[in-house]
Every structure is written in C-alpha cells, then in structure tokens.
Amino acid sequence: ERARAFWMLAYVRRETGLMQPAYDLYAAAVRYARASGDEAIVANALSSAGVCSAKLGKLEEAQAFQEESLALARKLGDPALELNALQRAGCILVARSEYEQGEAIFLDRCWGCHGKKADGHGPNAEDIVPRPRNLRNKPFVSSLSYTRLHESIKYGVQGTAMPAAGFDFALDDKSIGDLINFVLSLNGLGAPGATKSADNSTTPR
C-alpha cells in the first residue's frame, strides 16, 4: 500500500509540473514495490519516473528506466502495462528532444548574458544594468506563469537588456517553448499537465 500511495502522490506532483518532487516520489514507489514484490507497480512507476528524468535532463537514466519498465511489462505478459511503457517511451523521446533543443538554443543565444550555467554570470553580465536574471533561482522561476515566461522571451522585457528573441533571433513559438522547458528543467520543474495526454485512464501511471 505504501508503494501505491507514493505512486499516486507522484502522479499529482507530475501533473502540476513539480518534476523533481514527482521523481523522488516515483523512486520511493519503486523501492517499496520492489520490497513487496509488486512488479506491476515497479513497471508503472519506472516508466513515469523516466518521463520525469527526461524532463530534468537526466537522459541516460530516463532511457534506462524505460527499458527496465518495458522488460518488466513483457515479463509479466500484461498488454496494458506494455502499452503504458511504450507510451511513456514516446513521452521520453519528446522530452529528450525538447530538452536538447532548448539547451542548444540557450547555449547559442542566451549564455552570453545569463551564463553557461544559467546563473546570471555570463561574460556580458558585468556591463548590464539591471543584471541578467539567475535562471536557477527556483522561487523566481516558479513564480512566473508559462505565459509570462513565453512573452518575456518573445517580446523582451522593458527596461532591461532582455531582447525580443522572437524577433531579434527569429525564435518561433516551438523554439521558445523548448527554451522554457529547458529552464524549467534546471529548477526541477515542468509545464503543468505536460504528460497528461499519455494517460488512458484516471488511474495514476
């Protein structure tokens, strides 16, 4: 029962965009499920933990979780579990692509001011007033809505050196979305409801 409780709590955290807490709860669910021998919950929790891992930039770990989840589902001969694992594999591929694209854009267009570590200490930062934001400041990043982040990147921020990247750098909405997902991942966050479309039922996966 502990494994199921952690699993359900993790689902709620994941759907509200709290990827690091969700990841931690899925990991707890896996530990308790392994201890009790409930391989079905292990398979489900691993596949969902894989999605969280991918969104947090832990790409190799995400792949390992997905492979173990799929292997367990096939071992158990459960078509629903196997389908869930395959759906999560698709989510992981999307999350991996978003992370890599967002990281590439950041290192191409943003690091000069925000720094390669996104901590606001880029080579241009000393000459900028006000100073570029520390994008690893979780309280600040989590206080902003997705729309606010998108508009700030696309249209720039008045009174600062933040350019209108949607125009100056010709970033389209998809690219801006990938950049936002990358910044969120640095803070253990994700866009709320980002994985919901992969669920076929109201049962936490």
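Select Ser53 to begin, and you will find that this residue of the predicted model sits in helix α3, where helices (H or I, at least four residues) and strands (E, at least two) are DSSP runs numbered from the N terminus. Ser53 is buried, with a relative accessible area of 0%; buried means under 20% relative accessible area, exposed over 50%, and partly exposed in between, with a 1.4 Å probe and protein chains only. Leaving aside neighbours within four places in sequence, show Tyr23, Lys58, Glu61, Ala62 and Phe65, with which Ser53 is in contact, contact meaning heavy atoms within 4.5 Å.

Some notes on reading the model come next. Residues are numbered from 1 along each chain as its sequence is written, and side-chain values use heavy atoms, with hydrogens and water left out. Since the model is predicted, local features need pLDDT of at least 70 and side-chain atom pairs count only at pLDDT 80 or more, while totals for chains, interfaces and linings use all residues.

Now zoom out to the whole protein, which has nine helices and zero strands. The C-alpha trace spans about 60 × 30 × 25 Å along its principal axes, and of the 205 residues 48% count as buried. Among contacts between residues at least 6 apart in sequence, 57% join residues at least 24 apart.

Keep α5 and select α9 beside it. Here the packing angle is about 95 degrees, with the axes 7 Å apart, and α5 and α9 are therefore roughly perpendicular to each other. Among the residues that meet are Tyr99, Ile105 and Phe106 in α5, and Asp178, Leu179 and Phe182 in α9.

Phe106 and Leu179 are also the residues with the most contacts inside the largest nonpolar core, which has 28 residues; such a core is a set of buried Ala, Val, Leu, Ile, Met, Phe, Trp, Tyr and Cys residues joined through side-chain atoms within 4.5 Å. The elements that give two or more residues to this core include α4 (59–76), α6 (138–143) and α7 (146–155). A second, separate core of 24 residues includes Ala3, Ala10, Tyr23 and Val42.

Stay in helix α9 and pick Ile180, which is buried, with a relative accessible area of 2%. Beyond neighbours within four places in sequence, Ile180 is in contact with Tyr146, Leu149, His150 and Ile153.

The loop between α5 and α6 is the next stop, and Ala118 lies there. Phi of Ala118 is near 65 degrees, a positive value in a residue other than glycine, and at 1% relative accessibility Ala118 counts as buried. Further on, Pro130 lies in the loop between α5 and α6, and the peptide bond from Val129 to Pro130 is cis, with omega near -5 degrees.

Move to the loop between α8 and α9, where Ala170 lies. Phi of Ala170 is near 55 degrees, again a positive value in a residue other than glycine, and at 63% relative accessibility Ala170 counts as exposed. Asp172 has its place in the loop between α8 (165–168) and α9 and, at 44% relative accessibility, counts as partly exposed.

End by colouring the model by pLDDT, the predictor's confidence in each residue, from 0 to 100. The protein averages a pLDDT of 89, and 93% of the residues score at least 70. Over residues 193–205, however, the pLDDT is below 50. Where pLDDT is low, the predicted coordinates should not be read in detail.

Note on methods:
Axes are lines fitted to C-alpha atoms, for helices over the stretch in contact, and angles run from 0 to 180 degrees between N-to-C directions. Angles under 35 degrees count as roughly parallel, over 145 as roughly antiparallel, 65 to 115 as roughly perpendicular and the rest as oblique.
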